[in-house]
Each structure stands twice: as structure tokens, then as C-alpha cells.
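Dear colleague,

Here is the structure that I promised to hand over, with the sequence alongside. Please keep it open while you read the notes that follow.

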Amino acid sequence: MGRGTVKGLFAAIAAGLLAVPLVSTAPSISAEEETPEVLAPGEGRDETFYYCIACHNTALIRRSGFTRQQWDELMDWMTERHGMNPLEGELRETIVNYLAQAYPPRRQRGPAFTNPFASN
């Protein structure tokens, strides 16, 4: 997947996540109530929490799921498109590793859709 395609993918994901209201059975968490413990446990949780909440709440993180490469590319996209402070070195490694471990891509539920009109 080319770099432009990845950027387009993240732009579409971000736009979709921001446009869709949250519908959840989980209790909502206000900004004042957010603590690192709202994120999945793991090494790098505190670093991720405090770096990321400077720009957005944890709901965006908690409802996302990406590969390690996608999380890593997302850091560049947020820097380029949204003015995030560049995340580099050991801190970047810690945060990207945490996100990839704690919020990997989600599996589809149920059987995959098959087009009944397509010839096999």
C-alpha cells in the first residue's frame, strides 16, 4: 500500500470516527474522569495516555484497531495534518508498541459477506 493510499485511509478513518456518534453500552467517560486506567493495561499505557490526551480523548484510541505499521504511520499523519508534536525515538517506540499490542485490528464478526450474484 502506497504512502498516499495510507494517508487517504487514515483521513477517511478519522473523518468517519469523528462523524459517527458513539453508541455504546459502556458508561461514557468525561474528560475530567479520564485516567490512564481507561486504556487497556500494558507497558507504555501511561506514556500513551499523557501524550495523546493533549489533542483528543481516549475514546478515539479505544475504538481504533490498527497494525503496528498503521499505528506508526498514523503518528506521522497526525503530525503532518493536525500539528501534533513529532513523536520520535524511544517514546515513539513505546507508544506505537503499546498501541499495536493493546489495540490491534479487530476481527470481523460473523461470516464474511458473499455476493449472491457473483459467479464463483
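Thr48 is buried, with a relative accessible area of 0%, where buried stands for under 20% relative accessible area, exposed for over 50% and partly exposed for what lies in between (1.4 Å probe, protein chains only). This residue belongs to helix α2; helices are DSSP runs (H or I, at least four residues), numbered from the N terminus. Leaving aside neighbours within four places in sequence, Thr48 is in contact (heavy atoms within 4.5 Å) with Leu39, Ile61, Ile95, Tyr98 and Leu99.

Before going further, please note that this is a predicted model, in which local features need pLDDT of at least 70 and side-chain atom pairs count only at pLDDT 80 or more, while totals for chains, interfaces and linings use all residues. Residues are numbered from 1 along each chain as its sequence is written, and side-chain values use heavy atoms, with hydrogens and water left out.

Tyr98, one of the contacts of Thr48, lies in helix α5 and is buried as well, with a relative accessible area of 2%. Not counting residues up to four places away in sequence, Tyr98 touches Leu39, Ala40, Pro41, Gly42, Glu43, Gly44, Arg45, Thr48 and Tyr103. The C-alpha atoms of Tyr98 and Ala40 are separated by 9.2 Å, although these two residues are 58 residues apart along the chain.

Arg45, which Tyr98 also touches, lies in helix α2. Arg45 is buried yet has no salt bridge, and the nearest side chain of opposite charge, Glu37, is 4.2 Å away; a salt bridge would need a side-chain nitrogen of Lys or Arg within 4 Å of a carboxyl oxygen of Asp or Glu. A polar atom of the Arg45 side chain does, however, lie 3.3 Å from the backbone oxygen of Leu39.

Turning to the rings, a search of the whole structure finds 3 aromatic pairs, counted when the ring centres of Phe, Tyr and Trp (its six-membered ring) lie within 6.5 Å, with planes under 30 degrees apart called stacked, over 60 edge-to-face and the rest tilted. Phe49 is buried at 3% relative accessibility, whereas Tyr50 is exposed at 54%. The rings of Tyr98 and Tyr103 have their centres 6.2 Å apart and their planes at 75°, so this pair is edge-to-face too, and both of these residues are buried.

Beyond four places in sequence, the contacts of Trp71 include Ile61, Phe66, Val96, Leu99 and Tyr103.

Finally, Asp76 in helix α4 is partly exposed, at 24% relative accessibility. The side chain of Asp76 makes a polar contact with that of Arg92 (3.1 Å), a polar contact being a pair of N or O atoms within 3.5 Å; within protein, one must be able to donate a hydrogen and the other to accept it, and residues adjacent in sequence count only if both atoms are side-chain atoms.

Notes
Helices (H or I, at least four residues) and strands (E, at least two) are DSSP runs, numbered from the N terminus. Lys and Arg count as positive and Asp and Glu as negative; His and the chain ends are not counted.
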